[in-house]
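Hi there,

Here is the structure I promised to pass on to you. Have a look at it first, and then read on for what turned up in it.

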Amino acid sequence: MKKNVLVAIYESSPAQILIALVINAFYAAVLGFSLVPSAWIVWASASRILGFGPGASAAARGLANLLGGAQASAPGFGAFVLLGLAGGAAVFTYFLWGALFQASLVRLLSLGIKPGRYPKVSLVTLRWLIYSGIYNISTRTVLPFIPVSWFITAYFRIVGAKIGRNVYINTPWLNDAYLLTLEEGVILGGNAEISCHLYEREWLHLERIRIGKDSLVGTGAYIPPGTDIGERCVVGARCYLRKGTNLPDGSVYTVIAGLPARRAFGIEKGRAPLREGRGE
């Protein structure tokens with residue numbers, strides 16, 4: 001009976017429109033709350049620099065006069081400099097607070113969702129859609145601006161990813177990161193996509209991904225759900241692995257041209273050196 005009700009809602013156009021409006025209003029509220037500290041910085045700075053508002057003291061009004069603020073004919077250059085610096089501080093604050101708040105929401109909404117196969121019309125899939133929308137806000141407004149930094153690593157740790165020491169993340173695209181393990185020394189190249197989900201034949205598939213110690217995933221590579229990459233592996237730029245791929249330690253998976261198929265296969269499986277005549 002419960003499934004029938006969910007299916008009826010899913011197939012109803014008015015219900016779909018209503019749900020879309022509610023969910024997008026929720027996303028707007030998430031973004032708005034993420035901007036609260038930044039909005040306060042802009043307002044407080046503008047009111048003091050330009051000498052208006054109830055928070056402006058006599059000293060602030062004097063500074064406004066000096067800089068050419070609200071009591072003068074027009075704001076002077078100095079006022080714009082200070083306002084620009086305040087705007088920069090507001091943006092930086094959004095990177096910190098927005099990342100913390102959004103990551104915490106993603107983690108909260110994903111709690112209890114385990115690896116498995118879920119129908120498109122289910123509460124799990126609905127939760128997945130909602131937290132994925134919040135994560136998409138982060139991928140467009142926060143994460144591209146803090147790559148290869150402590151901040152992006154902290155974001156994904158809050159989401160629930162297991163991340164070892166000396167891991168370098170140069171991509172915002174770690175989907176469903178609470179199912180992801182990055183062992184010590186892993187490097188993720190620019191715009192590599194690690195996705196622990198796959199939507200296939202109207203079913204949502206969620207599977208864990210592990211990337212072993214000292215492995216490299218090159219720029220633009222795609223790692224699908226269920227992948228297990230061993231230690232000291234290389235997944236080359238623009239490579240696409242198949243779902244459920246297992247790479248043994250020392251494997252090199254890349255686009256290899258001009259080599260016999262047997263040798264290319266041996267390199268990918270870590271059974272042959274990259275260069276002939278060498279043992280490494």
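Val148, Tyr168, Ile187, Leu216 and Val234 together make a nonpolar patch of about 400 Å². Patches are built from residues with over 30% relative accessible area and no salt bridge, joining like charges within 9 Å and nonpolar side chains (Val, Leu, Ile, Met, Phe, Trp, Tyr) within 5 Å. A salt bridge here is a side-chain nitrogen of Lys or Arg within 4 Å of a carboxyl oxygen of Asp or Glu, and accessible areas come from the Shrake-Rupley method with a 1.4 Å probe, where for residues only the protein chains shown count as cover.

Before going further, please note that this is a predicted model, in which local features need pLDDT of at least 70 and side-chain atom pairs count only at pLDDT 80 or more, while totals for chains, interfaces and linings use all residues. Residues are numbered from 1 along each chain as its sequence is written, and side-chain values use heavy atoms, leaving out hydrogens and water.

With a relative accessible area of 38%, Ile187 is partly exposed; buried means under 20%, exposed over 50%, and partly exposed in between (1.4 Å probe, protein chains only).

Overall, the protein has 8 helices and 16 strands. These are DSSP runs numbered from the N terminus: helices are H or I with at least four residues, strands E with at least two. Of the 280 residues, 42% count as buried.

Helix H5 (residues 77-110) has 34 residues and spans 49 Å from first C-alpha to last, close to the expected 50 Å. That expected span is 1.5 Å times one less than the number of residues. After H5 comes Gly112, with a positive phi near 85°.

Now for a sheet: three strands form an open one in the order S4-S7-S12, with parallel pairing. Strands S4 (174-175) and S12 (222-223) stand at the edges with a single partner each, so one side of each has no neighbour in the sheet. S4 pairs with S7 (residues 193-195) over 2 bridges, DSSP needing at least two for a pair. Leu174 stands opposite Ile194 in S7.

Lastly, where is Asp249? Asp249 sits in the loop between strands S15 (246-247) and S16 (252-253). Leaving aside neighbours within four places in sequence, Asp249 is in contact (heavy atoms within 4.5 Å) with Gly230, Glu231, Arg232 and Cys233.

Enjoy exploring!
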